[in-house]
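Please consult the sequence and the structure shown here while reading.

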Amino acid sequence: MLELSGIPILTDFGQMRPLEPGNRDWWMPGLYRASEVLLNLPWGFPVDIWSIGVMTLELLEDKNLFGPIDQTNNQYVLLLAMAQYIGYLGLPPLEMIKQSPLSMYFDGQGNRVSNSPIPQTSFEDFVIPIPPGEEKDMFPRLELRRMK
């Protein structure tokens, strides 16, 4: 068994990008992809905060929040990813949708026009190991909703 001591430090200099927003590539793994990246919008360092939130949930739950992979063909499925994000977070803000090159997946009011099913779940249902009570109620609000 590995014994850990000290303060954990997260680093990954292999995927560094310029500090200013404006990146548009899909460098993030599909499981950790932030909504800005998913919608092909310019992004900056806040997507790293999002990744930390998703990874924290993964470490606590021992499972991934998102799973946008077609297991038969082993490939990322954009419409499945969008459906999962909407299931947990709701629809993206209309301003984001209007700016996105992927706005064709939404109508003029920002509603989804895809027939991919939206998971009927919530962060509160996902965070199982935390005992019911104030901490469990507060954790989802602290987590991704604040990190998006």
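A pocket is an open set of grid points with protein on both sides within 12 Å along at least five of seven lines. The model is predicted, and the second largest pocket holds about 170 Å³ of space.

**The second largest pocket**
- The lining consists of 14 residues, of which Ser35, Leu89, Gly90, Leu91 and Pro92 are the closest to the pocket centre.
- Helix 1 and helix 3 are the elements that give two or more residues to this lining.
- Helix 3 supplies the largest share of the lining, 4 residues.
- By class, the lining comprises 11 nonpolar, 2 polar and 1 charged residues.

**Ser35**
- Ser35 lies in helix 1, which spans residues 35–38.
- Ser35 counts as buried because its relative accessibility is 15%, and buried means under 20%.
- The side chains of Ser35 and Glu36 are joined by a polar contact of 3.4 Å.
- Apart from neighbours within four places in sequence, Ser35 is in contact with Tyr85 and Met96.

**The largest nonpolar core**
- The largest nonpolar core contains 26 residues, and Trp50, Phe66 and Met82 have the most contacts inside it.
- Two or more residues of this core come from each of helix 1, helix 2 (46–61), helix 3 (78–89) and helix 4 (94–99).
- Helix 3 gives the largest share of this core, 7 residues.
- Met82 is in contact with Leu38, Leu39, Leu102, Tyr105 and Phe106, leaving aside its neighbours within four places in sequence.

Key: Residues numbered from 1 in each chain as written. Predicted model: local features only at pLDDT ≥ 70, side-chain atom pairs only at ≥ 80, totals over all residues. Heavy atoms only, no water. Buried < 20%, exposed > 50% of the residue type's maximum accessible area, 1.4 Å probe, protein only. Polar contact = N/O pair within 3.5 Å; in protein donor to acceptor, adjacent residues only side chain to side chain. Contact = heavy atoms within 4.5 Å. Core = buried A, V, L, I, M, F, W, Y, C linked by side-chain atoms within 4.5 Å. 1 Å grid on protein atoms, 1.4 Å probe; cavity = no way out; pocket = protein on both sides within 12 Å on 5 of 7 lines; lining within 4 Å. Points joined across faces, edges and corners; volume = space filled by probe spheres on them. Nonpolar A, V, L, I, M, F, W, Y, C, P; charged D, E, K, R; others polar.
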